[in-house]
Amino acid sequence: VMVKQINLLEALGSRHPGVKEHTVGRICGQVNTWPHKKVKEAMQCLYSFTCNYPGIRHAGDPASALRDIDMRDLVSMSILLTGFLPYLTDQIDPNVVYRGA
């Protein structure tokens, strides 16, 4: 599931005006929507986790895993990754999402 969420972020982020990159890590450096560098770094860290943890997106580094992935990770990562969508795409109206208007 995390693979598909990252793929969605990459697909939408690569369509953002001025973006020429195709990976979330690099897209983060090209969008100018971040309110603070730590918010951008948080997204980059989550992306790095999906690349580095064994079996999520790539072979990863087995030594980096502190424990096996379980359902709480799926729920948490789904919420976190979805929360970054408004920074990576101009195709989502945050007012509509928040207020349902």
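A residue is called buried when its relative accessible area is under 20%, exposed when that area is over 50%, and partly exposed in between, using a 1.4 Å probe and protein chains only. By this rule Ile 79, at 58% relative accessibility, counts as exposed. The structure is a predicted model, in which local features need pLDDT of at least 70 and side-chain atom pairs count only at pLDDT 80 or more, while totals for chains, interfaces and linings use all residues. Residues are numbered from 1 along each chain as its sequence is written, and side-chain values use heavy atoms, with hydrogens and water left out.

Ile 79 lies in helix H4. Helices here are DSSP runs of H or I with at least four residues, strands are runs of E with at least two, and both are numbered from the N terminus. Ile 79 is 72 residues away from Asn 7 in sequence, and their C-alpha atoms are 15 Å apart in space.

Next comes the packing of H4 against H1. Two packed helices are described by the angle between their axes and the distance between the axes. The axes are lines fitted to C-alpha atoms, for helices over the stretch in contact, and angles run from 0 to 180 degrees between N-to-C directions. Helix H1 (residues 2-13) and helix H4 (residues 71-83) pack at an angle of about 5°, with axes 10 Å apart. H1 and H4 are therefore roughly parallel to each other, a term for angles under 35 degrees; over 145 is roughly antiparallel, 65 to 115 roughly perpendicular, and the rest oblique.

Which residues in H1 and H4 meet? On the H1 side they are Met 2, Gln 5, Ile 6 and Leu 9, and on the H4 side Asp 73, Met 77, Ser 78 and Leu 81. The residues of this contact divide into 5 nonpolar, 2 polar and 1 charged. Ala, Val, Leu, Ile, Met, Phe, Trp, Tyr, Cys and Pro count as nonpolar, Asp, Glu, Lys and Arg as charged, and the others, Gly among them, as polar. Contact itself means heavy atoms within 4.5 Å.

Leu 9 also belongs to the largest nonpolar core, which has 20 residues. Such a core is a set of buried Ala, Val, Leu, Ile, Met, Phe, Trp, Tyr and Cys residues joined through side-chain atoms within 4.5 Å. Leu 9, Val 24, Trp 34, Met 43, Leu 81 and Leu 88 touch the most other members. H1, helix H2 (24-30), helix H3 (37-52), H4 and helix H5 (85-88) each give two or more residues to this core, and H3 gives the most, with 4 residues. Leaving out residues up to four places away in sequence, Leu 9 touches Val 24, Met 43, Leu 81, Leu 85 and Leu 88.

Thr 50 lies in helix H3 and is buried, with a relative accessible area of 0%. Among its contacts, not counting residues up to four places away in sequence, are Ile 6 and Met 77. Ala 42 is also in helix H3, but at 33% relative accessibility Ala 42 counts as partly exposed.

The last topic is the aromatic rings. Rings of Phe, Tyr and Trp (its six-membered ring) pair if their centres lie within 6.5 Å; planes under 30 degrees apart are stacked, over 60 edge-to-face, and the rest tilted. The whole structure holds 4 aromatic pairs. One of them, Phe 84 with Tyr 87, is tilted, at 6.2 Å centre to centre and 50° between the planes. Ring pairs link Trp 34, Phe 84 and Tyr 87 into a cluster.
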